[in-house]
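These are my notebook entries on one structure. I wrote down each point as I looked it up.

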Amino acid sequence: MKVNKNYVLSHFNDVNVLVDITGKFNGVIRLSATSADVWQAFSDGKSIEEAAGILCDKYDVSYDKALKDTQEFYDKLVENGLIEK
Amino acid sequence: MKNCFYISLAGLTVQMNAKHPFSKDFCKDYLVPAQTADITATADDNQIAADMTSLNADAGYAESISLYRSIAEKLPDFSRFVIHGASVTFDNKGIVFIAPSGTGKSTHIKLWRKVFKSRVDIINGDKPIIDLSGQTPKIWSSPYAGKENWQKNVCAPLYAVVLLRRAKSDRINKEQPSKYLSEVISQIYKPKQSGGFAKTVAAADKMFKTVPFYILECTPTDNAVKVAHDGLFPTQEENK
């Protein structure tokens, strides 16, 4: 997968946001702490399975649940052009 | 370079590698003798060509904009960033009113000047610089001041950031910037170079740790200024 480098993960005023630094999309996308972790994992070149593993290590969640949520988040990112398959 | 010159901007020395004489004249209030520079600004020929078309600007003006972009890219390395806002001082306290173009920022600061006269000084009408490099957040002017070209080469401690919105009546409220992230971030210059935006966000985050944020819903009237003043300076009502 290829993360859209125009979107930068930022921590602003205690909120995780994805910002399009080209300014084409002028809004911001708010991310939960877990979504921010998954985005960071994808940005670091990790796979969906590896990202789910990171969530399991960090939070009290089963691998199956983490994998399902990570897959759903990945699908949304692809749908919105933030990740290329 | 033939028209290379130096300016002092936001407490930094900038070497301006210009080709057109317009850029030097545009920055005339900020010129300093040649010296070691903190930032070297170079215009991008492709950007100049694009701006000449999109803004219907001549080459000199387009170059000056490109030079400012070059500076804005590097300011986060010095804990500073460009903000799109109209800024004034009231009794030497800096206030920046941010909003998308056409909301009425210039109209509003003009009214501050009309209502409070010499207690108000205009810092910059369009693109001032926020400076988080010291203990106290500061706001500096720049030569880039919008169509009215309201600017004065000064600096003030930053007292408040105010998001301006047009409304049918006047109201000001202190708010958490996190509730208005899209609107706030869209008015901050976003560097394209690697890591530049992260540094900008770090600086903006630091700014909101100490500088209060307000939403001002307002009409283009003197009353809007009075309401804004009373909200921003609640203990100074007797000075009205």
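**Entry 1: Ser106(B)**

Leaving aside its neighbours within four places in sequence, with which residues is Ser106(B) in contact? I found Gly125(B), Glu148(B) and Trp150(B), where contact means heavy atoms within 4.5 Å.

Before going further, I noted that this is a predicted model, in which local features need pLDDT of at least 70, side-chain atom pairs count only at pLDDT 80 or more, and totals for chains, interfaces and linings use all residues. Residues are numbered from 1 along each chain as its sequence is written, chains are lettered from A and ligands numbered from 1 in the order in which they are written, and side-chain values use heavy atoms, with hydrogens and water left out.

I placed Ser106(B) in helix 4 (residues 105-116) of chain B. Helices (H or I, at least four residues) and strands (E, at least two) are DSSP runs, numbered from the N terminus.

Is Ser106(B) buried or exposed? It counts as buried because its relative accessibility is 15%. The classes are buried under 20% relative accessible area, exposed over 50%, and partly exposed in between (1.4 Å probe, protein chains only).

I then looked up its side chain, which makes a polar contact with the side chain of Glu148(B) at 3.4 Å. A polar contact is a pair of N or O atoms within 3.5 Å; within protein, one must be able to donate a hydrogen and the other to accept it, and residues adjacent in sequence count only if both atoms are side-chain atoms.

**Entry 2: the interface of chains A and B**

I recorded that 16 residues of chain A are in contact with 18 residues of chain B. The area buried between the two chains is about 1400 Å², and carbon and sulfur atoms give 65% of it. Buried area is the accessible area (1.4 Å probe) that two parts lose on being put together, summed over both.

Which three residues of chain A supply more of its buried area than any other three? They are Phe12(A), Asn13(A) and Ile21(A), with 48% of the area that chain A buries against chain B.

I found 0 salt bridges between the chains; a salt bridge is a side-chain nitrogen of Lys or Arg within 4 Å of a carboxyl oxygen of Asp or Glu. Across the interface, 5 residue pairs are in polar contact, both residues being at pLDDT 80 or more.

On the chain A side, strand 2 (7-12), strand 3 (15-20) and strand 4 (28-31) each supply at least two residues. By class, this side has 7 nonpolar, 6 polar and 3 charged residues. Ala, Val, Leu, Ile, Met, Phe, Trp, Tyr, Cys and Pro count as nonpolar, Asp, Glu, Lys and Arg as charged, and the others, Gly among them, as polar.

I looked up Ser10(A), which lies in strand 2 of chain A. Ser10(A) is buried, with a relative accessible area of 6%. Not counting residues up to four places away in sequence, Ser10(A) touches Val15(A), Asn16(A) and Val17(A), and also Phe197(B) and Val201(B).

Val3(A) is in strand 1 (residues 2-3) of chain A and counts as buried at 11% relative accessibility. Val3(A) and Gly45(A) are 42 residues apart in sequence, yet 8.6 Å apart in space, C-alpha to C-alpha.

**Entry 3: a sheet in chain B**

In what order do the 4 strands of the open sheet in chain B lie? The order is 3-1-2-4, with mixed pairing; two strands pair if DSSP finds at least two bridges between them. The edge strands are strand 3 (31-32) and strand 4, each pairing on one side only.

Strand 1 (residues 5-9) and strand 3 of chain B pair in the antiparallel sense over 2 bridges, and Tyr6(B) has Val32(B) as its bridge partner in strand 3. Strand 2 (residues 12-17) and strand 4 of chain B run parallel and are joined by 4 bridges. In strand 4, Ile39(B) is the bridge partner of Val14(B).

Along strand 4 (residues 39-42) the side chains alternate.

**Entry 4: positive phi in chain B**

I noted that Ala10(B), though not a glycine, has a positive phi near 55 degrees. Ala10(B) lies in the loop between strand 1 and strand 2 of chain B and is buried at 3% relative accessibility.
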